[in-house]
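Colleague: Walk me through this one, please. Start with how the elements are named.

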Amino acid sequence: MRHERQVITDPGAGPPPLIDQFGRQVTYLRLSVTDRCDLRCTYCMAEHMTFLPRRDVLSLEELYDLAQVFMRGGVRKIRLTGGEPLVRKNIMQLFELLSPHLQNGDLDEVTLTTNGTLLARHAEALFAAGVRRVNVSLDSLDPARYAKITRWGRLDAVLKGIDAALAAGLKVKLNAVALRGAFEHEVDDLIRFAHGRGMDLTLIEEMPLGESGHDRGASFLSLRDLRLSLAERWTLVTVEDRTGGPARYVRLAETGGRLGFITPLSCDFCARCNRVRVSCTGDLFTCMGQEGSVGLREALRGHHAETSVDGLVRDALACKPKAHAFEITGPAVSGIARHMSVLGG
Ligand code: SAM
Ligand code: SF4
């Protein structure tokens, strides 16, 4: 791994901003660093997954080069995701490569979405590399149910990871996928747990991405419905938050903490979309809820001398769809074949 990569010092002098055909500027890159994971959450993956051959996955250097292309185009925030980003060998090197860009102002933020199982090991190094916020996915505080949802995860490892992250000075936000059944009762415990430790909690509506071997129609829980039932027990005060993200926030008067709702199936957040996603194979997805992608890997590896990565990105943005293509019809949701772990949320 080479560490002496060129650092962009003046992105303002570079190419024009990345703006799509609807005038939305892309300032946020979600970069998946691996398709692998140490868990198999039922809504995300099948139990037996075939992972990508390593040669298809971008090296850490290539991921960094790609990040620089987006930075030159005005991306200010990068989130590393996966699969599980912390299972990627030497992943801290990528954080270290990005770190100078936080110091020199190219980037506002480098963040991470993680299942938390390895967070205790990496929390301090993440903080040292300039990471200030992490999202940790946690769907249940009940060890047995946590193990069932993740197929074999250990809750105590995640709780240790969260403690370590908070102790290292990281701001932690919890993400929980809302599923019909026990979750509807457990959500109050998750709220108390998160807000008691100064963490926001965001509830995510299950998205119909990829075959995972569980019945999405049966597990789908509308957050609109959950919110109505929460409002019977908690005082939800709407918070204006226009960060371009899909979450809508309320503050709970009883705890003072924030609760977010990500409702891709029941609300439209596309008009404010400022993000693109790149898979660990270098496929650019300008919309998570559409099938289409543009491969950047070959250009990144210099296999097409006449094609620049920047040019491919701009061509793709010219076709960024106006809105996602998810649909919910009665108990059935129609989705797309790609697993969430390809893009990492
Ligand atoms: N492994 C990391 C984690 O779990 O946080 C990062 C990748 S994971 C794919 C990112 C987020 O996507 C997690 O919060 C997970 O709960 C969520 N997710 C996975 N599959 C989903 C689905 N089908 N619908 C909604 N959210 C999903
Ligand atoms: Fe792994 Fe995250 Fe998918 Fe769970 S949600 S299987 S932790 S990638």
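Modeller: Helices (H or I, at least four residues) and strands (E, at least two) are DSSP runs, numbered from the N terminus. The model is predicted, so local features need pLDDT of at least 70 and side-chain atom pairs pLDDT 80 or more, while totals for chains, interfaces and linings use all residues. Residues are numbered from 1 along each chain as its sequence is written, chains are lettered from A and ligands numbered from 1 in the order written, and side-chain values use heavy atoms, without hydrogens or water.

Colleague: OK, what follows H3?

Modeller: Gly130, which has a positive phi near 100°.

Colleague: And which residues of H3 are buried?

Modeller: In H3 (residues 119–128), Leu119, His122, Ala123 and Leu126 are buried, meaning under 20% relative accessible area; exposed is over 50% and partly exposed is in between (1.4 Å probe, protein chains only). Those buried residues fall within an arc of 130° seen down the axis, so they line one face of H3. The arc is taken over directions from the helix axis to the C-beta atoms. Arg121, Glu124 and Ala128 are exposed on the face turned away.

Colleague: What covers the buried residues of H3?

Modeller: The cover includes helix H2 (91–103), E3, strand E4 (133–137) and H5, with contact meaning heavy atoms within 4.5 Å.

Colleague: Switching to H4. Which residues are buried there?

Modeller: Arg145, Tyr146, Ile149 and Thr150, in a helix that spans residues 143–150. Down the axis of H4 they fall within an arc of 125°, so they too line one face. Pro143, Ala144 and Lys148 are exposed on the other side. The buried residues of H4 pack against helix H5 (155–168) and helix H6 (183–196). Arg151 follows H4, with a positive phi near 75°.

Colleague: Now the ligand. How many residues surround ligand 1?

Modeller: 19, the closest being Tyr43, Gly83, Glu84, Ser137 and Met207; a residue counts if one of its heavy atoms lies within 4 Å.

Colleague: Which elements give two or more residues to its shell?

Modeller: Strand E3 (109–114), strand E5 (171–178) and strand E6 (200–205).
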